[in-house]
Amino acid sequence: DIMLLNNLELNGAVRYADYSTSGGVTTWKVGLNYSPIEGIRFRTTQSRDIRAPNNNELFSSLVQNLPTLTDRVTNTTISVATFTGGNPLLEPEKGDTFTAGVIFSPSFLSGLRGSIDYFSIDLNGAITTLGPQGTIDACYNGQSAACAGVIRDPGTNAIRTVYSQYFNLQTLRTSGYDFELS
């Protein structure tokens, strides 16, 4: 409660979790709230977040199918055994989140409150399944995790089997603004 420093808060948190199926991970958060005068508050937060794989993603049974697929390497249409299901080797998804914003609640307009917040989220190792054709295409495009699911004949280089399980494949990025007025 001094000039240009009505309020200043720093907060943080750290958590370590040890998952029996995917190992230990540390998450954390640090945030800052600053009000230069009553009625205006600036806020920002940076965090590391995780999502551990669920039981279905880890342990669902493999299901066999015999679809028609396109092999991009040999440029042929093939019909091979495919297996879809869980993957016990999955790791937790890791995300980095940044937010910053400002809240207005002017005393001269009783009951009015508005806010605008910017957010940016980078998610690495997102758990996804691509389906058999998607697995073949991802391998063709250089995603090594997907290539582990495409089994080729060492003599002919023809695809023998495709395992389309859950993988830590994707990187997802999003950012934007949230507005609120009440």
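Asn157 is partly exposed, at a relative accessible area of 35%. (Buried means under 20% relative accessible area, exposed over 50%, and partly exposed in between, with a 1.4 Å probe and protein chains only.) Asn157 sits in the loop between E10 and strand E11 (159-165). Its phi is near 70°, a positive value in a residue other than glycine. Helices (H or I, at least four residues) and strands (E, at least two) are DSSP runs, numbered from the N terminus.

Leu4 also has a positive phi, near 60°, and is a residue other than glycine. Leu4 belongs to the segment before strand E1 (7-19). With 54% relative accessibility, Leu4 counts as exposed.

## Basis of the model

This is a predicted model: local features need pLDDT of at least 70, side-chain atom pairs count only at pLDDT 80 or more, and totals for chains, interfaces and linings use all residues. Residues are numbered from 1 along each chain as its sequence is written, and side-chain values use heavy atoms, with hydrogens and water left out.

## Overall form

The chain contains three helices and twelve strands. Its C-alpha atoms fill a box of roughly 80 × 35 × 25 Å, taken along the principal axes. The radius of gyration is 24 Å, whereas a compact globule of 182 residues would have one near 16 Å. That radius is taken over C-alpha atoms, and the globule rule is 2.2 Å times the number of residues to the power 0.38.

Of the 182 residues, 32% count as buried. The chain exposes about 11000 Å², and carbon and sulfur atoms supply 54% of that area. Accessible areas come from the Shrake-Rupley method with a 1.4 Å probe; for residues, only the protein chains shown count as cover. Among contacts in the chain with a separation of 6 or more, 63% are between residues 24 or more positions apart. Contact here means heavy atoms within 4.5 Å.

## Salt bridges between strands

Side chains of opposite charge can pair when their charged atoms come close. The model has seven salt bridges, each a side-chain nitrogen of Lys or Arg within 4 Å of a carboxyl oxygen of Asp or Glu. One of them joins Asp96 and Arg48, at 2.8 Å from N to O. This pair links distant parts of the chain: Asp96 is in strand E8 (residues 93-104), Arg48 is in strand E3 (residues 40-51), and the two are 48 residues apart. Asp96 is partly exposed at 24% relative accessibility. Arg48, at 25%, is partly exposed.

Asp71 and Arg152 meet in a salt bridge at 2.9 Å, N to O. Asp71 lies in strand E5 (residues 68-71) and Arg152 in strand E10 (residues 150-152), 81 residues apart. Asp71 counts as buried, at 1% relative accessibility. Arg152 is partly exposed, with a relative accessible area of 22%.

## Further charged contacts

Asp122 forms a salt bridge with Arg173, and the closest N and O atoms are 3.5 Å apart. Again the pair links distant parts of the chain: Asp122 is in strand E9 (residues 114-128) and Arg173 in strand E12 (residues 167-181), 51 residues apart. Asp122 is partly exposed, with a relative accessible area of 27%. Arg173 is exposed, at 62%.

Salt bridges also form a network, which links Arg51, Glu57 and Glu93.

## Aromatic pairs

The structure holds five aromatic pairs. Rings of Phe, Tyr and Trp (its six-membered ring) pair if their centres lie within 6.5 Å; planes under 30 degrees apart count as stacked, over 60 as edge-to-face and the rest as tilted. Phe98 and Tyr118 have ring centres 6.4 Å apart and planes at 55°, so this pair is tilted. Phe98 lies in strand E8 and Tyr118 in strand E9, so the pair ties together parts that are 20 residues apart in sequence.

Phe98 is partly exposed, at 30% relative accessibility. Tyr118 is partly exposed too, with a relative accessible area of 28%. Both residues belong to one aromatic cluster, formed by Phe98, Tyr118, Tyr177 and Phe179.
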